[in-house]
Amino acid sequence: MKPSTQDEQFMAAALEEASAAAVAGEVPVGAVIVKDGAIVARAGNAVLRQQDPTAHAEMLAIRAAAASSGSWHLGGCTLYVTLEPCAMCAGAMVWARLDRVVFGAWDDKAGMAGSVGDLLRHPRLNHRLAVLGGVRETACRDILRGFFAERRAENAAPLT
């Protein structure tokens with residue numbers, strides 16, 4: 001399936017969140033949740049800042065969307081995220097009953113939307129999401145690669 005113009009625009013918003021996370025020293029993953037054509041929640045990774053291993057961008061966005069709507073049930077919503085969701089985030093998406101997830105870069109080490117496994121569309125679960133991967137993939141992958149290349153260079157620099 002080909003991404004729509006809206007998919008491209010909302011992924012750009014997720015990329016803004018990823019950039020803000022990188023500036024804060026976090027792994028640059030960003031997420032936005034959209035309902036009826038409007039962003040209802042947005043977040044970037046905050047694992048280090050919150051000292052919380054569950055503070056992934058997707059989890060924070062889901063929590064914000066649920067709080068603002070007054071319901072854990074996020075039917076009618078699409079989550080846009082710059083990196084293929086991990087098992088924790090994919091599970092939360094299923095339980096939140098999101099309609100759809102759109103992601104940018106594939107994650108061949110931890111991705112659960114088709115790379116390592118496919119929790120989002122698992123036939124034994126009572127809810128499955130529509131999934132679209134690879135939206136603005138190059139930009140999403142490049143922000144991650146740049147972040148980790150910078151970290152490796154910092155760690156390799158000689159101490160003075």
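Is T78 buried or exposed? I looked this residue up and noted that T78 is buried, with a relative accessible area of 12%; buried means under 20%, exposed over 50% and partly exposed in between, with a 1.4 Å probe and protein chains only.

I recorded that this is a predicted model, in which local features need pLDDT of at least 70, side-chain atom pairs count only at pLDDT 80 or more, and totals for chains, interfaces and linings use all residues. Residues are numbered from 1 along each chain as its sequence is written, and side-chain values use heavy atoms, with hydrogens and water left out.

**Entry on strand β3.** I placed T78 in strand β3, residues 77-83 (helices, H or I of at least four residues, and strands, E of at least two, are DSSP runs numbered from the N terminus). Setting aside residues up to four places away in sequence, I found T78 touching V32, I33, V34, R100 and V102 (contact means heavy atoms within 4.5 Å). With the same exclusion, L79 touches A31, V32, I33, E58, I62, M93, L98, R100, V101 and V102.

**Entry on the core.** I looked up the largest nonpolar core, which has 49 residues (a set of buried Ala, Val, Leu, Ile, Met, Phe, Trp, Tyr and Cys residues joined through side-chain atoms within 4.5 Å). I33, I62, L79, M93, L98 and L120 touch the most other members.

**Entry on α3 and α4.** I noted that the axes of α3 (residues 57-69) and α4 (residues 87-95) come within 9 Å and cross at roughly 25°. Axes are lines fitted to C-alpha atoms, for helices over the stretch in contact, and angles run from 0 to 180 degrees between N-to-C directions. The two helices are therefore roughly parallel to each other (angles under 35 degrees count as such). E58, M59 and I62 of α3 and M88, C89, A92 and M93 of α4 make the contact.

**Entry on α1 and α5.** I found α1 (residues 5-23) and α5 (residues 137-156) packing at an angle of about 10°, with axes 10 Å apart. That makes α1 roughly parallel to α5. M11, L15, A18, S19 and A22 of α1 meet A139, C140, I143, F147 and R151 of α5.

**Entry on G37.** I located G37 in the loop between β1 (30-35) and β2 (38-44). At 42% relative accessibility, G37 counts as partly exposed. Leaving aside neighbours within four places in sequence, G37 is in contact with Q6 and F10. The C-alpha atoms of G37 and L129, 92 residues apart along the chain, are separated by 18 Å.

Definitions and conventions
Angles under 35 degrees count as roughly parallel, over 145 as roughly antiparallel, 65 to 115 as roughly perpendicular and the rest as oblique.
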